[in-house]
Amino acid sequence: MRHLATISYWIAAVLLLASVTGSFGYDFRQALFLATALLPGMLCAKLLLPGALRAPRRRVVAVVCVAAGVLVVEWLALLLAYHYTLSGSWPRQMEFPRLFSNPAFLLLLSAAIVVPEVLLARWLDAHLPRMKSVTFVSERRKATLPVADILYVESNDSEVLLHAADGSIYRTKTRISQWEQLLDDRFVRIHRAFLVNAERVTDATPAQVTIGERTLDVSRKYRDAVTTRFGV
């Protein structure tokens, strides 16, 4: 359900962007092409901005760097789209959208698309039923594990370990960043190597988290997130 809602949102966003670009005199085909060209920068903003906002130090610098990177991606994508239309495969050549050279306009347009999507994702997390189990491949065998029984996920060199409440350990090749995206909001990243089930945490400080019989270190990068999540 969440994936369907996200896909539907981005389809609607592309059509909305096409209506905006079409208002500058482009036909529907060109407007849709420009709207699609704007997506890479917006997706970069969606992926990178939350991390910049959680930066423990120089948060403003991190946000400015992300904004600058988004602008570079947007401009490059628009230039590529423009030069592609000069290849002769289009009914008529497309003029470069001069207003899109304005960084303030591009950032406002990106924010108008990305912010509602983030709010939608949070609403879905709060209202949709949580996933009950997860199926994955461990040591060449398919395994199914109740999500509530996962204590924490540990990145260990070339493999990732899933520590279960019954003491079992499952080895997978799925990266911890992928597990972070797959698992729901019960799980919080506390370290480059650790993703923990917040409902299984028995004690927490800004520097350490205790889960099961093990105490895990909290890195500086995720200290603010841990402090907010556990109220320590």
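Buried means under 20% relative accessible area, whereas exposed means over 50% and partly exposed lies in between. Arg 186 has a relative accessibility of 7%, so this residue counts as buried.

The model discussed here is predicted. A search of the whole structure finds 6 salt bridges, and three of these pairs are described below, including the one that involves Arg 186.

Arg 186 forms a salt bridge with the side chain of Asp 184, at 2.5 Å from N to O. Asp 184 is also buried, because its relative accessibility of 17% is under 20%.

A salt bridge joins the side chains of Arg 200 and Asp 149. The two residues belong to distant parts of the chain and are 51 residues apart. Arg 200 sits in the loop between strand S7 (194-197) and strand S8 (201-204), while Asp 149 sits in the loop between strand S2 (141-146) and strand S3 (150-156). Arg 200 is partly exposed at 32%, and Asp 149 is partly exposed at 30%.

Another pair consists of Arg 214 and Glu 154. This bridge also links distant parts of the chain: Arg 214 lies in strand S10 (residues 214-217) and Glu 154 in strand S3, 60 residues apart. Arg 214 is partly exposed, with a relative accessibility of 34%, whereas Glu 154 is buried at 12%.

| Residue | Partner | Distance, N to O |
|---|---|---|
| Asp 184 | Arg 186 | 2.5 Å |
| Arg 200 | Asp 149 | 3.5 Å |
| Arg 214 | Glu 154 | 3.5 Å |

Conventions. Residues are numbered from 1 along each chain as its sequence is written. This is a predicted model: local features need pLDDT of at least 70, side-chain atom pairs count only at pLDDT 80 or more; totals for chains, interfaces and linings use all residues. Side-chain values use heavy atoms; hydrogens and water are left out. A salt bridge is a side-chain nitrogen of Lys or Arg within 4 Å of a carboxyl oxygen of Asp or Glu. Helices (H or I, at least four residues) and strands (E, at least two) are DSSP runs, numbered from the N terminus. Buried means under 20% relative accessible area, exposed over 50%, partly exposed in between (1.4 Å probe, protein chains only).
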